[in-house]
Amino acid sequence: MTRITRDQFVRRYQGDELNIEQAQQGEGGRRLQQAGMGAEQLHQADLNGDGKIQGTRELQELFRKVDAYDSNGSSRSFDTETRTGRTTQAGKVVSALDIMFAANNPQVEGFHINRPVGPGQANRSSDVRAVQSRLRELGFDIGVDGDWGNQTKNALEVYEAMLRGRSDSSDMRGVLRPGSDLHRVMASPDAPKWSRMPNRGPGFVNGDRDGYSYGSEKLAAVVQEAGQSYHDNYLRTHPGASVMDLNDASVRNGGDNRDHSTHESGLDLDIRLPRTDGGSGTQVGYRNYDRDAAYAMVEALASNPEVERVLLTDSTLRRMARNNNEPWAGKVQDGGRTHRDHIHVDIFPPESALSPS
Ligand SMILES: [Zn+2]
């Protein structure tokens with residue numbers, strides 16, 4: 001025996017819409033009629049009369065229509081199967097509605113899900129599997145087992161946060177609905193990817209040792225570009241100076257981490273401060289802090305159009321940038337107490353990004 005509660009019913013179709021006239025013409029409409037439900041009942045559930053069933057109130061009303069076929073004695077649930085495993089009339093109505101809702105909410109090419117995936121959603125095994133394997137293709141190291149769980153939830157939240165330009169992925173709901181903007185971006189052949197930060201290149205090395213070497217592919221590209229620019233504009237003429245020494249970006253699959261409240265969605269990066277002996281790792285105000293090299297690094301980063309903001313607690317450096325009328329000076333902000341020993345960089349979200357929501 002399988003029971004569907006009213007809340008489960010609403011969640012099943014939440015976020016989708018059913019165009020009543022259109023839906024009756026297909027296979028779902030035919031099956032609905034066979035099960036004994038007609039257009040009239042659908043129209044009665046369309047409380048605002050716009051020809052569509054959509055939203056919590058109308059879905060609750062639709063639930064009442066389905067529950068009228070049920071005899072389990074509760075107005076809060078209905079049974080889709082009998083004790084002996086036969087499909088009930090309410091069960092037949094629901095499977096017809098499943099087809100109608102799916103037909104009305106067209107698939108996105110290449111990456112199909114039928115029902116919403118996320119906390120409290122339908123989370124059909126085939127849909128969860130599709131989401132997991134797409135997230136793997138997009139760079140996340142997660143299993144593909146069809147079970148909705150924390151690993152999948154985290155990766156989906158991180159991916160959405162990355163697209164929306166949010167450093168804290170716990171702000172995201174982690175819900176993927178068929179045909180949504182998020183679904184379309186994820187399905188597109190050039191969907192932004194998650195990746196490992198590069199180990200080294202002109203002007204930079206990756207000195208991270210504690211697992212913070214992951215982020216958006218775009219952050220990796222910004223590092224390469226800024227490193228190249230620092231190399232060409234400064235290191236070439238100051239061969240003894242420190243290279244840009246990357247420290248924390250995000251952890252393996254992004255999300256919560258021990259050391260930061262941000263750095264969760266692959267859009268943040270820390271860089272150790274250059275020392276006058278050519279090494280790295282010091283603080284503003286220490287005698288071995290190489291302000292000239294730091295200035296050149298900040299310039300390479302802040303003048304990159306993809307960089308949104310640079311934090312460094314060095315008021316002298318910021319004043320110099322303003323006095324020099326550097327076009328990027330406005331991007332460099334005071335990092336307060338926590339940014340005395342590193343340059344923190346935030347980049348804009350990848351192209352095709354979603355609105356910040
Ligand atoms: Zn930081």
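The lining of the largest pocket holds no nonpolar residues, 12 polar and 8 charged. Here Ala, Val, Leu, Ile, Met, Phe, Trp, Tyr, Cys and Pro count as nonpolar, Asp, Glu, Lys and Arg as charged, and the others, Gly among them, as polar. The model is predicted, with pLDDT of at least 70 needed for local features and 80 or more for side-chain atom pairs, while totals for chains, interfaces and linings use all residues. Residues are numbered from 1 along each chain as its sequence is written, and side-chain values use heavy atoms, without hydrogens and water.

The volume of the largest pocket is about 310 Å³. A pocket is an open set of points on a 1 Å grid over the protein atoms alone, where a 1.4 Å probe fits, with protein on both sides within 12 Å along at least five of seven lines; lining residues have an atom within 4 Å of a point. Volume is the space filled by probe spheres set on the points, which are joined across faces, edges and corners. Of the 20 lining residues, H260, D270, T338, H339 and H342 are the closest to the centre. Strand 10 (268-272) and strand 13 (342-347) are the elements that each give two or more residues to this lining. Strands are DSSP runs (E, at least two residues) and helices likewise (H or I, at least four), numbered from the N terminus.

Helix 7 (residues 125-137) packs on helix 8 (residues 150-164) at about 55°, with axes 11 Å apart. Axes are lines fitted to C-alpha atoms over the stretch in contact, and angles run from 0 to 180 degrees between N-to-C directions. V131, Q132 and L135 of helix 7 contact T152, A155, L156 and Y159 of helix 8 (heavy atoms within 4.5 Å). This contact comprises 5 nonpolar, 2 polar and no charged residues.
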